[in-house]
Amino acid sequence: YRLAYKIVAPSEGIMKTLKNFGLPDKKLKFIPNPVSFHSINDINPKISKNSVEKNFVLAAGRLEHQKGFDILIKSFSNIEDKKIKLVILGKGSQKKNLINLAKKEKIETNRLVFPGAVNDISLWFRKAKFFILSSRYEGWPNVLMESMANGCPVIAFDCKHGPREIIINNFNGILVRAEDQNNLTEAINSLNSSIYMQKVFKKNGLKTAKKYKSEIIAKKWFEIL
């Protein structure tokens with residue numbers, strides 16, 4: 001690390017952690033990851049609209065401990081709306097354990113769907129009522145930006161690192177205490193029952209995502225070269 005010309009961190013939280021290791025400020029630079037914007041015509045034609053669930057909330061990522069899908073499933077099992085579904089996109093070593101947990105929580109048959117990994121999740125974002133990030137930790141959660149860029153409201157755990165740098169609570173999304181199952185249930189109930197909040201988060205989330213367009217982030221990289 002000390003031999004590098006520059007060390008680029010994808011979040012301010014990670015940059016502060018690197019400083020704690022004694023790395024000099026002059027070598028450190030924060031540059032977030034860019035987000036891509038797609039038109040509806042760019043969506044993979046192999047994904048049929050009929051294959052996307054209706055009336056659902058979305059989560060996505062590797063099915064591993066880091067992503068906190070076990071916390072999400074427990075939280076989701078206690079929400080007020082028993083008709084809405086939870087869709088978790090992705091694959092990983094914890095799928096069997098998550099399915100068993102869903103059975104224990106009595107939501108496996110008609111309220112939880114595991115479609116697996118998809119090439120382009122834009123259509124899922126656009127059809128979902130909102131997106132939930134339940135991670136125990138992150139570096140910079142690209143999926144939050146992708147959700148906002150596709151007009152999908154967001155809820156996220158205030159984990160290390162990234163969500164608090166992206167979400168202004170109750171302005172462009174909801175920040176939930178990290179790994180707090182009950183707080184997450186309350187947030188889901190609140191956003192699911194408020195069309196007004198969904199519209200506000202869509203509008204403000206899109207404004208947020210535009211700050212991270214590829215051409216804007218590219219300029220930050222050119223500045224350090």
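Okay, hi everyone. Before we start, two bits of housekeeping. Because the model is predicted, local features need pLDDT of at least 70 and side-chain atom pairs count only at pLDDT 80 or more, while totals for chains, interfaces and linings use all residues. Residues are numbered from 1 along each chain as its sequence is written, and side-chain values use heavy atoms, with hydrogens and water left out.

Let's begin with the aromatic rings. A pair of aromatic rings is described by the distance of the centres and the angle of the planes. Rings of Phe, Tyr and Trp (its six-membered ring) pair if their centres lie within 6.5 Å; planes under 30 degrees apart are called stacked, over 60 edge-to-face, and the rest tilted. By that rule, we get four aromatic pairs here.

Take Phe56 and Trp124: the ring centres are 5.8 Å apart and the planes sit at 75°, so this pair is edge-to-face. Phe56 is in strand β3 (residues 56-60) and Trp124 is in helix α4 (residues 122-127), so to speak distant parts of the chain, 68 residues apart. When I say helix or strand, I'm using DSSP runs numbered from the N terminus: helices are H or I with at least four residues, and strands are E with at least two. Both Phe56 and Trp124 are buried. Buried means under 20% relative accessible area, exposed means over 50%, and partly exposed is in between (1.4 Å probe, protein chains only).

What about Trp140 and Tyr212? Their centres are 5.6 Å apart and their planes are at 50°, so that pair is tilted. Again it links distant parts of the chain, 72 residues apart: Trp140 is in the loop between β6 (131-133) and α5 (142-149), and Tyr212 is in the loop between α8 (195-210) and α9 (214-224). Trp140 and Tyr212 are both buried.

Next up, salt bridges. How many does the structure hold? There are six, where a salt bridge is a side-chain nitrogen of Lys or Arg within 4 Å of a carboxyl oxygen of Asp or Glu.

One of them joins Lys67 to Glu138, with the closest N and O atoms 2.8 Å apart. Lys67 is in the loop between β3 and α2 (69-76), and Glu138 is in the loop between β6 and α5, so this bridge ties together parts that are 71 residues apart in sequence. Lys67 and Glu138 are buried.

Another one brings Asp70 and Arg136 together, at 2.8 Å from N to O. Here Asp70 is in helix α2 and Arg136 is in the loop between β6 and α5, 66 residues apart. Asp70 counts as partly exposed at 22% relative accessibility, and Arg136 counts as buried at 17%.

Then there's Asp158 with Arg164, at 3.0 Å from N to O. Arg164 is exposed, at 56% relative accessibility. Shared partners also join Asp70, Arg136 and Glu179 into one salt-bridge network.

On to pockets. Picture a 1 Å grid over the protein atoms alone: a pocket is an open set of points where a 1.4 Å probe fits, with protein on both sides within 12 Å along at least five of seven lines, and lining residues have an atom within 4 Å of a point. The largest pocket has a volume of about 520 Å³, volume being the space filled by probe spheres set on the points, which are joined across faces, edges and corners. Its lining has 36 residues, and Ile121, Phe125, Asn142, Val143 and Glu146 lie nearest the centre. The largest share of that lining, four residues, comes from α5.

The second largest pocket has a volume of about 160 Å³. Its lining includes Lys160, His161 and Arg164, and α1 (12-20) gives the most, with three residues.

Last stop, the backbone. Most residues other than glycine have a negative phi, and most peptide bonds are trans. So what is the peptide bond from Lys160 to His161, cis or trans? That one is cis, with omega near 0°. Asn170 has a positive phi near 65°, and Glu179 has one of about 60°. Glu179 is in the loop between β8 and α7 (181-192), and at 44% relative accessibility this residue is partly exposed.

That's me done, thanks!
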